[in-house]
Amino acid sequence: MPKPRWSQRSRNACLGSLCFLAAIVPGPLTAQTAPAPAGNHPQPPAPASGLEAHDAPNDAGRAVDLKWSLSPEDRPGAKRVVHYYVERATKPSGPWAVVDSVPAGTSTKSDQTVRRDTEYLYRITAVGPGGMTPGGMFGFVHASSQWVNTTRASVLVFSAMFFAFVLYFIRSAEKGKKPFVRRIAGIDAIEEAIGRATEMGRSVLYIPGILDIDDIQTVAGLVILESVARLTAKYQTPITVPVTYPIPFTIAEEMVKGGYLHAGRPEQYDPNSVRFVSPEQFAYVAAVTGIMLRDRPAAHIFMGSFYAESLLLAETGFATGAIQVAGTANVHQLPFFVVACDYTLIGEELYAASAYLSGEPKLVGSLKGADLMKIAIVTTVVVGCLLESLGIHALTLWMTTQ
Amino acid sequence: MPGLEVLEKLDRRWLFLIMGLLVLEPLMFPLALPLTVTRPVQGFVDAIDKVPDGSTVLMSCDYDPSGIPEMVPMTRTAFRHLLGKNCKVVITVLWPGGPGLVDSVLSEVAREFPDKKYGVDWVNLGYKSGNEAVMVVMGQGIANAFPRDYRGLDSRSLPVMREVRDYASFPLLVNISSGYPGTKEWVQQVQARFHLPMVAGVTAVSAPEYYPYLQSGQIRGLLGGMAGAAEYEKARGEKGSATRGMDAQSLGHLFVAFCILLGNLIRRRPAEARS
Amino acid sequence: MKRELPLAITAAIGVFMILSFFVPHQAVSVPADFLQASAIIVVAFGYVLGGANVLRVNFDGIYKRQPDWPYKILLLAGLIVTFAIGAIDGVEQHGGFLDQGTRSKWIYDNLYSPMSATMFSLLAFFIASAAFRAFRIRTVEAGLLALAALLVMLGRVPVGDLATHWLPAPARLGAIQDWIMNVPQNAAKRAILIGAALGVMATGLRVILGIERSYLSGEE
Amino acid sequence: MSLHLSHDFGIWIGAVLTLFIFSFLYKDNPFYKIAEHLFVGVSAGYYIILYWWTVIVPNLIEPLWKQLAHRDLWTGQPLLQARPGLFAAELGDYRGWLVIPGILGLLLFSRLFGKIGWLSRWSLAMIIGVYAGIKTTGFAQGDFVAQLQASLQPLWKAGDPAFTINSVIFTVGLISSLLFFFFSREHKGTLGVFSRLGVFFLMAGFGAGYGYTVMSRISLLIGRFQFLLDNWLGLR
């Protein structure tokens, strides 16, 4: 096997760039370029052409995008070009530094090693078994910072629209204009369950989910608890509320106490009705199923965030024969509630119920804002699908953010 | 009917026992039921195949030991798939319970490739708290969020990290995740923000939630649960723990289906009878 | 100081984060990156605090001789030993306390990992008994749910295709499963996804504007 | 098939603890309680030390130490490059500014001392601000606009009836499911029809979810049995 031999031209190139490359790129790169079997005296490949370099858009001046036309000898299977070096300089006279190498067949590259607002020249060097040939240079070009990311215009428009709706409805609700929210069937189901427990002279078990107060579902669960507590106090039906975390515990206590106060029977409040159990998932489940089996409440109400325990709670509750009403936005737990409960509030219905019952402007406003947005979404879907069917893609393209 | 009466009062521990035996039996005496590779899994395979050989791929393994049976076979096959293509792999873990497990799995696979060196061909950057915040910080520099790797080495000094700056350095993100933080957050914070193509391997519980992402092209392929992992193994010509578990999985599903039907059959009477 | 300042901090930072999504300029992106990097650190402190809380609560439980207090001694022993060994390992390994071969890795592999994996595997048993005892098909909706569940459950595993291999390919359980997942369930999931996105955005807006303050409650 | 019992003491511990937890299926008992409490203790200890070594030390203490002491934290060697400018921050290198998250992190511990507990709100406010911002934009782009954009698809394609049927079913399903969650009007008339249709799609979706959840749970059990059979008993 004859020793690899470099053509004169590539040796010159080595002085310019390859030596620099050897300094910054680890071994394998240079190793690939070295073996050039001398037997058939290969020539260096024809150069790449038509290089264009532009500041990468929508960034903080961290990249320059390059595009070029392949060397005419870069064809699949031809093996005349192995890869291209992307080279960069700050002066037309050089020195040229290799920024990166890309495999043959590649005609784009983003140079991310630039300094912001520095002027650069670029050239693409085709490298093959016969040596290397630099193409024409392009420049000057510099990477600059942009103030607006234009690809996200559609996100901005839709978000701004939605935020405007929400704020408008919150304001108008605060001014006392109560917007219409339809009564949710789940609320009737809750009242029915409490009524049934009263008839049977048994208690009501209320579970506001298993998460802490920072979860919005827990908040909704506690809001609904307030109305439930008012009803149980009115009917003089005992209520049990086992809670997982300290803060929801104190709030739940307030809610139940408030319920008795509202019914004019503060003395009937049982301090043992709201219980702090444990944040540990399985310990909590064990305690709650214990209450279900021992105290036999006639109604179980689950409102909040639930995870794997939904299955265990709903099953045990079902086996005791109690009326069960559930509500959660944790979609993967909904199937277990739907099959084992008499009524289930699905996803947003939980928030809607809490808004309906409390009438609080911030909740009602958000709900109405989301409703109006849904009209906009349905309209967009209908119009967009028709446009797409007719072969008009403008709307879809504008909404593309990637 | 007295027979149904007995069934209705059946102690549930009998059901536990049957379930246990049904899962145990095929693990000891396999039935070798045939598998077909479904479209979402094929998408996963194709997306990795399409990555240029030798490029650097980001792989985030966001799970902990409770996800072992579903996540570990996916991690193994995907890591093997990537190393087999001479890709360099940068691994992150966003679940606190996961880093030790993930490192064991990766080291075990890496031993099959004697020429692949830690720090040169792959690196385990280990765990970082902060969920979405970590993902966004990585967008300005991977090593900014992970100054040291799992082994306590300075990650900027590792050869594999020298060619990595931020998400633009990767042609693909492979995410293997059991929940939050996981595929949803990677789609929202990274795929959408930084336009990084991604594929996901997820637990069966969360798989249905990600079908909308699959249809929209936000993820290119999806492995759902152990069945997804088994199909991936089949597509790669491997016979791993997921493939071996598929028979037990089939029997388990049959039993649950049987329970649903039987339970409803014997309870056809009015609900009042219960109370 | 107790209420207004936190609200102002949340508002300022929240608005800035949203701004940084639309403005790539370094005048915004660098401070935003600093805030996110800081969040990583503060969150970590939060988890350490959580661990400290476990310590405190259980010491309390033992001191007050709560039920199960002897088990709590075991709990504390586990906590302190794991912590102490981890501290020593970390100093020896320059931070890589979980590296292959350390004592912490042994604890992780043989105590933490098997127990964590087994806790959730109990659910396989419970799901069977729930299917038997608490899955009732009384309404059209529940019937539809059950139908989809059965088709998907059987279609997703090899046994489904095996049982229907005599049918033409599009009518086999696997293909039906595929269709359910891609068409009806996908449509429903997308609706839920979009609805949930609106919910999160509305909540985010309320938190940033200080309309939602529930996270500050309870510690007056 | 024969037994090859493991000789690894650790595997035995893991197997015994696995069986302790499984004993809960029979009923709650002291063995289960031992495993449960040990698990809580070990994981709490593990979490504390994990956050210390993998986040607080490398992301906070080490860079601060380098900046202030000009030495490597572990070897004590002086750093080769001096890093002037305590507050001369640039992307990814925040130097003295890191004192801020350090203080905010420590303030969280004020919760352990009742009276000054309100100080932790500042840290909380900062975290919540960051996450509210990130999540709002993440959901807006990834789950809202991107999902909406992907829903704009042609309803018919000449010569492909399957595509047309599925596309129409999908679009009707999406719209009716969205309208099920519409609360500003009673569900009567056309809206009633749509929301009723929406319920059907949602139920099909939940059914699929049920099936997949069953799959996940059974997989977990398979995993534990594989551990017991392969690693512990060594059945081959």
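Residues are numbered from 1 along each chain as its sequence is written, and chains are lettered from A in the order in which they are written. In this predicted model, local features need pLDDT of at least 70 and side-chain atom pairs count only at pLDDT 80 or more, whereas totals for chains, interfaces and linings use all residues; side-chain values use heavy atoms, with hydrogens and water left out.

A nonpolar core is a set of buried Ala, Val, Leu, Ile, Met, Phe, Trp, Tyr and Cys residues joined through side-chain atoms within 4.5 Å. Buried means under 20% relative accessible area, with a 1.4 Å probe and protein chains only. The largest such core has 321 residues, and B:M59, B:M161 and D:F206 are among those with the most contacts inside it. Helix 6 of chain D, residues 189-233, gives the most to this core, with 19 residues; helices (H or I, at least four residues) and strands (E, at least two) are DSSP runs numbered from the N terminus. A second, separate core of 18 residues includes A:L51, A:W68, A:V86 and A:I124.

The interface of chain D and chain C takes 114 residues from chain D and 111 residues from chain C, contact meaning heavy atoms within 4.5 Å. The two chains bury about 10,600 Å² between them, 81% of it on carbon and sulfur atoms. Buried area is the accessible area (1.4 Å probe) that two parts lose on being put together, summed over both. Between these chains there are 2 salt bridges, each a side-chain nitrogen of Lys or Arg within 4 Å of a carboxyl oxygen of Asp or Glu. The side chains of D:K33 and C:D68 form a salt bridge, at 3.9 Å from N to O. On the side of chain D that touches chain C, 75 residues are nonpolar, 29 polar and 10 charged. In this division, Ala, Val, Leu, Ile, Met, Phe, Trp, Tyr, Cys and Pro count as nonpolar, Asp, Glu, Lys and Arg as charged, and the others, Gly among them, as polar.

Chain C also meets chain A, with 47 residues from chain A and 39 residues from chain C in the contact. About 3,900 Å² is buried here, and carbon and sulfur atoms give 74% of that area. A:W147, A:E315 and A:V339 supply 17% of the area that chain A buries against chain C, more than any other three residues. The rule finds 3 salt bridges across this interface. C:R136 pairs with A:D342 in a salt bridge, their closest N and O atoms being 3.5 Å apart. Helix 3 of chain A gives the most to the side of chain A that touches chain C, with 8 residues.

Some local details complete the picture. In chain B, helix 10 (residues 207-216) is largely enclosed by the rest of the structure, because 9 of its 10 residues are buried. Just after this helix, B:G217 takes a positive phi of about 80°. In chain A, helix 10 is likewise followed by a glycine, A:G359, with a positive phi near 65°. A:A48 lies in the loop between helix 2 (28-33) and strand 1 (49-55) of chain A. With a relative accessibility of 6%, A:A48 counts as buried. Although A:A48 and A:G135 are 87 residues apart in sequence, they are 5.3 Å apart in space, C-alpha to C-alpha. A:A48 also touches residues including A:W68, A:Y84 and A:I124.

Conventions
Buried < 20%, exposed > 50% of the residue type's maximum accessible area, 1.4 Å probe, protein only. Lists of a residue's contacts leave out its neighbours within four places in sequence.
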